[in-house]
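The exercises below treat chain content, helix packing and salt bridges in turn. Work through each task before reading its solution.

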Amino acid sequence: MGKIFILIQSEGDAIHRVSLEAINGARQLRDSGGHSLHAVLMGSHAPPAPLKGCDIDEILHLNHAQLDQYSPEHFIAAAEALIAQESPGLIIAGHTYQARDWLPRLAVRIGLPMISDCTGFESGGSLTWLRPIFQGKISAEVTTADGPVMVSFQAGTFRSDDLGTGAPAVRAIDLDLSGVVPKVLREPKFQEAKGTVDLSRAERIVSVGRGIGEQEHMKIVEELAAVLGAELGSSRPVVDYGWLDHDRQVGSSGQTVTPKLYLAIGISGAIQHQVGMKNSGCIVAINKDAHAPIFEVADYGIVADLHEIVPALIQALKGEQ
Amino acid sequence: MKQIPDPASALHIRADELWIDESNLVYSANESDTYALEEALLLKEAHGGEVVVVTVGSARTTQMLKDALAKGAGRAIRVALEGDGDLDSNGMAHLLAAALREEAFDLILTGLQSDDAGHGQLGPMLAELLDLPHVTLVVATDIEAASIKVKQELEGGWFQNVTLTLPALLTIQSGINKPRYASLKGIMAMKSKKIRDVQPAGLGIDPQQLAPLQTVKRIYLPIKSKETVFLEGSPAEVAAQLVDKLTNEAKVL
Ligand SMILES: Cc1cc2nc3c(=O)[nH]c(=O)nc-3n(C[C@H](O)[C@H](O)[C@H](O)COP(=O)(O)OP(=O)(O)OC[C@H]3O[C@@H](n4cnc5c(N)ncnc54)[C@H](O)[C@@H]3O)c2cc1C
Ligand SMILES: Nc1ncnc2c1ncn2[C@@H]1O[C@H](COP(=O)(O)O)[C@@H](O)[C@H]1O
């Protein structure tokens with residue numbers, strides 16, 4: 001591989017958590033033999049603290065004001081020039097929404113394989129990448145021909161807290177981006193007005209997924225939530241269908257929750273859902289599919305039809321009172 | 001639009017462990033692609049124009065294409081390919097780009113991710129090859145003369161409004177609209193609509209561009225990282241066990 005690049009997503013001093021995790025994945029790869037690790041930092045701000053003291057070999061600083069805000073055209077032009085100049089063998093990023101937006105475009109432009117959303121790798125012999133397919137129901141081992149590869153690591157694959165210690169040199173990279181014309185005009189980011197529920201503070205959550213089947217069945221989970229004194233949460237499809245408000249959605253594009261009890265009912269447990277709930281205290285999953293990925297994070301599992309279990313659970317809880 | 005094994009179907013790994021067993025599966029349109037189709041139909045109804053549905057796939061995709069035509073697409077193009085497993089994202093992007101270059105379009109909509117292979121790459125790659133501006137994860141659109149303003153979903157409940165000049169490419173996120181069902185009238189009208197089959201060989205692509213850059217070596221059932229305690233018995237027994245465990249073991253009740 002030689003040089004390993006890790007593309008850092010940052011905003012001012014804040015480094016995206018998934019980038020920090022990917023640094024740790026990149027460190028493991030580097031330590032598998034004879035490689036060097038270079039963090040690529042975009043924008044005119046000074047390298048943020050966690051980067052300066054961590055166990056990487058060098059910070060390549062693309063010190064340009066045009067890279068302060070995300071612009072796919074500028075990011076791609078800068079990365080393309082840097083890659084041409086430095087010839088890395090591996091280019092790693094966290095699988096963030098921003099990475100989803102520009103990395104595939106860069107990959108096809110420079111003709112490199114891009115393996116997205118990896119959950120690991122095996123580095124003995126030829127490098128093999130592990131990634132989920134079929135929404136996490138199956139895992140795949142993927143290989144590439146010899147030559148440079150682009151990879152993104154799924155959120156939560158590596159730790160983000162301990163990045164080791166080091167004193168990487170900072171090398172400023174000078175690029176001419178004056179010819180880049182942005183065709184995409186971005187306005188400031190915003191959040192929707194907050195609703196009335198704050199799931200992040202709930203102690204118990206009864207969360208419902210597409211397995212509920214029909215809107216009229218929602219009342220059984222509403223009743224269960226009431227009996228448990230829990231807030232109602234959901235996966236994305238339930239919100240997409242308009243059966244619950246968006247502020248009840250748990251996951252990467254909804255709320256991140258850590259209740260003491262999280263009951264997942266008819267939820268398959270796709271990664272975008274898991275990232276929002278897997279740090280809950282006690283996770284119970286009710287799903288008729290024994291292979292549903294939600295069971296990978298559940299403490300208690302019930303493989304059965306929710307329409308039989310939920311009413312029985314309501315009865316049992318009422319009996320307790 | 002991509003046709004994929006219906007997410008509700010039970011998947012079995014093929015004996016060679018290279019892909020799933022595709023016999024006896026029910027297929028349906030990829031979820032975010034159905035939202036992309038609906039958005040295209042809504043834009044056509046508001047601003048005029050034509051919706052053309054394009055897929056790369058086998059004869060099996062006829063059902064999906066007919067359904068799209070019945071919902072209101074004007075015509076369909078199928079780049080005929082038996083088993084798309086041999087193409088990776090890069091090859092698929094080159095193939096689709098070659099087919100689309102023969103068309104005059106103002107807007108290309110794709111789903112944000114296929115729920116089988118899950119690359120989430122084809123939209124931006126296609127935009128690159130066709131030299132179009134693009135935005136991913138679009139949750140609202142608004143056409144203004146020669147440009148389009150869209151709302152992009154960012155992480156953790158943040159959004160950003162983005163304006164692009166047309167022609168452009170958008171990848172559509174689920175929930176942007178409420179996909180319709182085909183009406184009886186639509187189904188009747190569908191019968192006179194055309195599905196045009198395009199042979200990859202006729203597109204003048206350098207075979208080198210279709211050569212996969214990545215290859216699936218093995219697929220397997222995920223290895224569990226957590227010890228899940230599975231509760232068994234009749235619904236009443238399971239419910240009683242769970243209440244007991246939550247009260248006395250996990251101490252969360
Ligand atoms: C960029 C991006 C962002 C996303 N953000 C989010 C997010 O924030 N939150 C989120 O949840 N998802 C999000 N998603 C979508 C995510 O990938 C999944 O599609 C979604 O979580 C699936 O929801 P589900 O589990 O309810 O539905 P499905 O995956 O369809 O699962 C339904 C489950 O119900 C089970 N079931 C069916 N009938 C019964 C029954 N009678 N009894 C018991 N079980 C039954 C099935 O076995 C199945 O496991 C996002 C996706 C992308 C690409
Ligand atoms: N075989 C195909 N035919 C048509 N469109 C496709 C095909 N494969 C992928 N796409 C489109 O590209 C999007 C992203 O796919 P992917 O990059 O495979 O996750 C999908 O949601 C589809 O809109």
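**Exercise 1: chain B as a whole**

Buried residues account for 51% of the 253 residues of chain B. The model is a predicted one.

Task: Describe the secondary structure, extent and contact pattern of chain B.

Solution. 
1. Secondary structure: chain B contains seven helices and 12 strands.
2. Extent: along the principal axes, the C-alpha atoms of chain B fill a box of roughly 65 × 45 × 40 Å.
3. Contact pattern: among contacts in chain B with a separation of 6 or more, 65% are between residues 24 or more positions apart.

**Exercise 2: two helices within chain B**

Task: Classify the packing of helix α3 (residues 89–100) of chain B against helix α4 (residues 122–129) of chain B, and state which classes of residue make the contact.

Solution. 
1. Two packed helices are described by the angle between their axes and the distance between the axes.
2. For α3(B) and α4(B) the angle is about 50 degrees and the axes are 9 Å apart.
3. Because roughly parallel requires an angle under 35 degrees and roughly perpendicular one of 65 to 115, α3(B) is oblique to α4(B).
4. The crossing of α3(B) past α4(B) is right-handed.
5. On the α3(B) side the contact is made by Ser89(B), Asn90(B), Met92(B), Ala93(B), His94(B), Leu96(B), Ala97(B) and Leu100(B). On the α4(B) side it is made by Leu122(B), Met125(B), Leu126(B) and Leu129(B).
6. By class, these residues of the α3(B)–α4(B) contact are nine nonpolar, three polar and no charged.

**Exercise 3: salt bridges**

Task: Which residues does Arg30(A) pair with in salt bridges, and where do Glu22(B) and Arg60(B) lie?

Solution. 
1. Side chains of opposite charge can pair when their charged atoms come close. With a cut-off of 4 Å between nitrogen and oxygen, the count over all chains is 36 salt bridges.
2. Arg30(A) and Asp31(A) form a salt bridge at 2.9 Å, N to O. Asp31(A) has 53% relative accessibility and counts as exposed, whereas Arg30(A), at 7%, counts as buried.
3. Arg30(A) also forms a salt bridge with Asp55(A), with the closest N and O atoms 2.8 Å apart. This pair links distant parts of the chain, 25 residues apart: Arg30(A) is in helix α1 (residues 17–31) of chain A, and Asp55(A) is in the loop between α2 (49–52) and β5 (58–62) of chain A.
4. In chain B, Glu22(B) and Arg60(B) meet in a salt bridge of 3.9 Å, N to O. Glu22(B) lies in the loop between β1 (3–5) and β2 (27–29), and Arg60(B) in the loop between β3 (52–57) and α2 (62–71), so the pair ties together parts 38 residues apart in sequence.
5. Glu22(B), at 34% relative accessibility, counts as partly exposed. Arg60(B), at 38%, counts as partly exposed.
6. Through shared partners, salt bridges join Arg27(A), Arg30(A), Asp31(A), Asp55(A) and Asp57(A) into one network.

Terms used: Residues are numbered from 1 along each chain as its sequence is written. Chains are lettered from A and ligands numbered from 1 in the order in which they are written. This is a predicted model: local features need pLDDT of at least 70, side-chain atom pairs count only at pLDDT 80 or more; totals for chains, interfaces and linings use all residues. Side-chain values use heavy atoms; hydrogens and water are left out. Axes are lines fitted to C-alpha atoms, for helices over the stretch in contact, and angles run from 0 to 180 degrees between N-to-C directions. Helices (H or I, at least four residues) and strands (E, at least two) are DSSP runs, numbered from the N terminus. Angles under 35 degrees count as roughly parallel, over 145 as roughly antiparallel, 65 to 115 as roughly perpendicular and the rest as oblique. A crossing is left-handed if the near helix is turned anticlockwise from the far one by less than a right angle, and right-handed if clockwise. Contact means heavy atoms within 4.5 Å. Ala, Val, Leu, Ile, Met, Phe, Trp, Tyr, Cys and Pro count as nonpolar, Asp, Glu, Lys and Arg as charged, and the others, Gly among them, as polar. A salt bridge is a side-chain nitrogen of Lys or Arg within 4 Å of a carboxyl oxygen of Asp or Glu. Buried means under 20% relative accessible area, exposed over 50%, partly exposed in between (1.4 Å probe, protein chains only).
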